[in-house]
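Welcome, and please have your viewer ready. We will walk through a few selections together, one stop at a time.

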Amino acid sequence: MPTERESRLARKVYNAMRNLLEKMGVRYLEHEEELVLTCTVRGEDIPMDLLIFIHEEQQLVRILSPMPFVVPEKKRVDMAVAVSTVNYGLVDGSFDYDISDGSLRFRLTSSFRESILGEELLKYLFMVTTFITDEYNDRFMLLAKGVITLEQFLEKARPEEKPAAPSE
C-alpha cells in the first residue's frame with residue numbers, strides 16, 4: 001500500500017505528464033484512478049500505441065509501446081534473435097518479447113523515488129519511446145510476416161562499431 005507521500009508524488013508526476021502531452025498537442029485518454037494515460041502517435045509508418053503508467057508504490061514512470069501484431073509460431077525463434085540483437089545496441093529502454101505468445105513491446109522506465117521529474121525528463125522518456133519504437137516496429141513486423149529474413153533484418157540492426165576490448 002503506497003504511503004500518502006508516495007501517492008502525492010505519483011499524482012504530481014501523472015499531472016506533469018498529462019500537461020506535457022497537452023503542451024505537445026498529443027491527444028490522450030486519462031485513466032485517472034489507475035494513474036494511466038494512453039495515446040496513439042503517428043510515426044514514419046505504423047501508428048504507435050503508448051501506455052504511460054505511473055506506479056505509486058514503486059515510484060516509477062513506465063511507458064510501454066506494444067507492437068500491433070503477434071509473431072507467428074514459425075517466426076518466434078527468429079524474432080528472439082532479432083530482439084536480442086536490437087536490445088544489445090540500445091542505450092535506454094528495451095524490447096520485451098514473450099516467445100510463448102509472440103507478443104512484443106518496447107518498455108522504458110524511470111524512477112521518481114525521492115525526486116521530482118522535470119518536464120525535460122518526461123519529454124525525453126516520451127521521445128525516446130516513440131523514436132525507438134518507430135525505428136524498429138516496421139522491421140519487426142516485416143520479419144514476423146516473412147517479408148524479410150532474419151539475415152536481412154540483422155544486416156540493418158547490427159551496430160556499425162563494436163566496443164573495443166579492454167586492453168590487458
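**Stop one: a helix crossing**

Start by selecting helix 1 and helix 3, which cross in a right-handed sense. This is a predicted model, so keep that in mind as you look around. Helix 1 covers residues 4-24 and helix 3 covers residues 119-144; their axes come within 10 Å and cross at roughly 65°. Helix 1 is therefore roughly perpendicular to helix 3, since angles of 65 to 115 degrees count that way.

Now show the side chains at the contact. From helix 1, pick Val13, Ala16, Met17, Leu20, Leu21, Lys23 and Met24; from helix 3, pick Glu119, Leu122, Lys123, Phe126 and Met127. Colour these by type and you will find 9 nonpolar residues, 3 charged ones and no polar ones.

**Stop two: the aromatic rings**

How many aromatic pairs does the structure hold? There are 5. Select Phe95 and Phe106 to see an edge-to-face pair, with 5.1 Å from centre to centre and 70° between the planes. Phe95 sits in strand 5 (residues 94-98) and Phe106 in strand 6 (residues 103-111), so this pair ties together parts 11 residues apart in sequence. Phe95 is buried at 3% relative accessibility, and Phe106 is buried too, at 0%.

Next, select Phe140 and Phe153. Their ring centres are 5.3 Å apart and their planes lie at 20°, so this pair is stacked. Phe140 belongs to helix 3 and Phe153 to helix 4 (residues 150-157), so the pair joins parts 13 residues apart in sequence. Both Phe140 and Phe153 are buried.

Definitions and conventions. Residues are numbered from 1 along each chain as its sequence is written. This is a predicted model: local features need pLDDT of at least 70, side-chain atom pairs count only at pLDDT 80 or more; totals for chains, interfaces and linings use all residues. Side-chain values use heavy atoms; hydrogens and water are left out. Axes are lines fitted to C-alpha atoms, for helices over the stretch in contact, and angles run from 0 to 180 degrees between N-to-C directions. Helices (H or I, at least four residues) and strands (E, at least two) are DSSP runs, numbered from the N terminus. Angles under 35 degrees count as roughly parallel, over 145 as roughly antiparallel, 65 to 115 as roughly perpendicular and the rest as oblique. A crossing is left-handed if the near helix is turned anticlockwise from the far one by less than a right angle, and right-handed if clockwise. Contact means heavy atoms within 4.5 Å. Ala, Val, Leu, Ile, Met, Phe, Trp, Tyr, Cys and Pro count as nonpolar, Asp, Glu, Lys and Arg as charged, and the others, Gly among them, as polar. Rings of Phe, Tyr and Trp (its six-membered ring) pair if their centres lie within 6.5 Å; planes under 30 degrees apart count as stacked, over 60 as edge-to-face and the rest as tilted. Buried means under 20% relative accessible area, exposed over 50%, partly exposed in between (1.4 Å probe, protein chains only).
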